[in-house]
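Biologist: I am new to this one. Please show me the model, and then let me ask what the words mean.

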Number of protein chains: 2
Amino acid sequence: MAPQLEPFFKQVDDSSDAFIDRLRAAVAIPSISAADEHRPDVFKMGAFLASELERLGAEVHQRPLGKQPGKEHLELPPVVIARYGNDPNKRTILVYGHYDVQPALKEDGWATEPFELTIDEKDRMYGRGSTDDKGPVLGWINVIEAHQKAGVEFPVNLLCCFEGMEEYGSEGLEDFIYAESKKFFKDADAVCISDNYWLGTEKPCLTYGLRGCNYYAITVSGPGQDLHSGVFGGSAHEPMTDLVTIFSKLVDSQGNILIPGLMDLVAPVTEEESKLYPTISYSMDNLHESLGSETSIHPTKERTLMARWRYPSLSIHGVEGAFSAPGAKTVIPAKVIGKFSIRTVPNMESEEVTRLVKEYILSEAAKLNSKNKLDVSLMHDGKWWVSSPKHWNFSAANKAVKQVFGVEPDMTREGGSIPITLTFEQATGKNVLLLPMGSSTDAAHSVNEKLDKRNYIQGTKLLGAYLHYVAEEPLNA
Amino acid sequence: MAPQLEPFFKQVDDSSDAFIDRLRAAVAIPSISAADEHRPDVFKMGAFLASELERLGAEVHQRPLGKQPGKEHLELPPVVIARYGNDPNKRTILVYGHYDVQPALKEDGWATEPFELTIDEKDRMYGRGSTDDKGPVLGWINVIEAHQKAGVEFPVNLLCCFEGMEEYGSEGLEDFIYAESKKFFKDADAVCISDNYWLGTEKPCLTYGLRGCNYYAITVSGPGQDLHSGVFGGSAHEPMTDLVTIFSKLVDSQGNILIPGLMDLVAPVTEEESKLYPTISYSMDNLHESLGSETSIHPTKERTLMARWRYPSLSIHGVEGAFSAPGAKTVIPAKVIGKFSIRTVPNMESEEVTRLVKEYILSEAAKLNSKNKLDVSLMHDGKWWVSSPKHWNFSAANKAVKQVFGVEPDMTREGGSIPITLTFEQATGKNVLLLPMGSSTDAAHSVNEKLDKRNYIQGTKLLGAYLHYVAEEPLNA
């Protein structure tokens, strides 16, 4: 055990009420980035973080990002950047988090007031932003404070990057990171992001991979305006018929992607990789609980985790322009836009995926002999990310988990994407680690979002311990 | 020529300004049945018709239909029923029309104020309700007035049934017609409905058939709530995938219905019927103009008209529960409801159609091997209708068209449904004729609805002449 940890841990326990009060104060600020009328609250939340960091002696800047594109009457909230410590003999760790939250209204189905931190008898702390991402962000501040109070030397130099637009697409952040990677962030030796979740509820995990996402639109148009199906049904080519026929050729009910060549791009499973899955703390019951049903495709957890993490998937999201309301309407929609996306994995390059998608859809469309016009376009893409879990950044986190929780962490990937992860990796050229604080049942983005007290307090210890082990790790990258 | 027509025709011409003023007064009342706040205007319009008919000496009743189901704070507008003439030696004709209109706002794209009748240099009379259906309804009143002013004896007893909820599903009317068919309407010898349109712009038509409509919903559900496609894509059966696969098996891009056995129900084309199509005043250019594109399936007008009138069609209308907004959302919808309908023709019985539809969809669904739940349900059905065009009711209308317009009318069917037609036929047991006043370019339900002055004035002559020929027709039914 690193010698400094015992007094630090004790101080975290002693300060736990104060740390919870800090979270309560943060949750009380409804910093909803998607709601124009709450923009002042987002600024207020940024200022709250800045003042907490300044009070602890950090160098803090609230960096403006300018007007919000498309909503020029609104200023983007600032990126709060900070440096705590400037010792050239220590490693420098850059941590990222966000201080904005998803919208929340009591009447959406919350059992408690969403912007009042409410702790139940099982020490579950309910409140919007508790787990996503105010708890983890405050965790870093708690770590600094506990070191000061315990009189323990801080083991690294800490750089902070806390943004206020994550729930609205991290508007403006990518350029900012690229620019600052050569300036304010230039000393960073590694990056740590705490903005995701454990796979279950009992065992922490380290996350080293994310799937990418290529999002496509198929636009089919024919008539000059919507038509009455009584008058024109049978005498005109219907865009919706063409679209559903194409949709049906993309993926089958077992989740198999039917686009020729696409699966050939996927990196094969190595023997080493296949050994990872059986030990992971996850079960088909966990899957069924989170699905709210037993409509799983694969019979085992191993196949399920591989489907989620390391194989691509194709989902059909919906149709724009067709009849979508309750009830019955006898319309032939004139122009329909079908939306689908492909979750990508190594080694699927976006351009190659798009080439295969377009080639296939256009060749299938030609077979329809329809006079309607059909186009395929890429709406957006985000690359997959896989890190090196043998890097000292991960080794340090691994030791910290064992120290705080007494278990070996699960080494996980995620099915979804956190685009900023790849941005940090590419901009800084350094290893990036995802080190979650919350658990799988925290309901981020949903009603009754919560963070367990255990996850918050032990999580604060974890973040601190991680920094200590970082300081001790030999160079290997 | 029937001796009474000359003075009647002359009187219609002499009264044309007054008749247009009558239409102007009616259009000025925004009797929008779908808008709660306009309900008083619907009542006002009913009272206007009642007072016009009373002034001409008719026996008039405004019959209440009670509260509006589902909106019990609203009274349904009355059915205005009237009797003009009670001579047992004359035939009795029951005419139907409606005095409510579709919504209309100038900002929807109207070139003129929708509730101010505006006549342009080509004598097109623009205004909401001008052609649908205030013009035709006032046509009957004009006929009575012109007879009185010209001193011509009215050739028949006239029964009127004018409703105020047609644009909102004719709420309450069906029961009313069944009840009154044994009372107020019991003397009716035939029924005439003027609430549809010529096939083109130059030649009147008599309409003797309508397609029916069976509307279905396919509900596919699996997960307990919408899922994130990053997290669950590839590991859970997706309802949308199942739905589009089923959709793709219903109809192909050439409009061929793929449900086994369905086409076997369709009455074969007789040699006599096939001779009807070539003479009809319609062209592929007419179709392309109304489509706003050249995305027609069939190469000839004959095939097109048969597809519209006498063959079934299947249209996919849309999906409820999927992502339907602009932009990109990476959701796996938990429950989707796909809507489609089949336009039915002789001899497709609704029950048999539904049996074939369900049997086929459920057998195709079983092939998917999906754990999702799939249901098919009939949302509503309306039967097709084909009348006897050799009945004296049609012969009289045929002679009237030749008299007024100098041409043989097109004998047409329609692809859409007018459910009240079948109700009148079944409730009264009498022949029903559809005798349109407006032309194909009148834009009923759309912006810039209009009725040409020629169609209104010559149409009034047509309705009057029809009644005279009705009086002279020998019994044949």
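**Terms put to the test**

Modeller: The side chains of Asn86(A) and Arg83(A) are joined by a polar contact of 3.3 Å. This is a predicted model: local features need pLDDT of at least 70, side-chain atom pairs count only at pLDDT 80 or more, and totals for chains, interfaces and linings use all residues. Residues are numbered from 1 along each chain as its sequence is written, chains are lettered from A and ligands numbered from 1 in the order in which they are written, and side-chain values use heavy atoms, with hydrogens and water left out.

Biologist: What makes the pair Asn86(A) and Arg83(A) a polar contact?

Modeller: The term needs a pair of N or O atoms within 3.5 Å; within protein, one must be able to donate a hydrogen and the other to accept it, and residues adjacent in sequence count only if both atoms are side-chain atoms. The value here is 3.3 Å, so the pair qualifies.

Biologist: Why is Asn86(A) called exposed?

Modeller: Its relative accessible area is 59%. Exposed means over 50%, buried under 20%, partly exposed in between (1.4 Å probe, protein chains only). Asn86(A) is therefore exposed. It lies in the loop between strand 4 (79–84) and strand 5 (92–98) of chain A. Helices (H or I, at least four residues) and strands (E, at least two) are DSSP runs, numbered from the N terminus.

Biologist: How do you know whether Arg310(B) is buried or exposed?

Modeller: Its relative accessible area is 4%, so Arg310(B) is buried. Its place is in the loop between helix 10 (301–309) and strand 13 (313–320) of chain B. Its side chain also makes a polar contact of 2.7 Å with that of Glu273(B). Beyond four places in sequence, Arg310(B) touches residues including Tyr277(B), Leu305(B) and Arg413(B); contact means heavy atoms within 4.5 Å.

Biologist: What makes strand 6 and strand 7 of chain B a pair?

Modeller: Two bridges join them, and they run antiparallel. Pairing requires that DSSP finds at least two bridges, so these strands pair. Ile119(B) has Met125(B) as its bridge partner.
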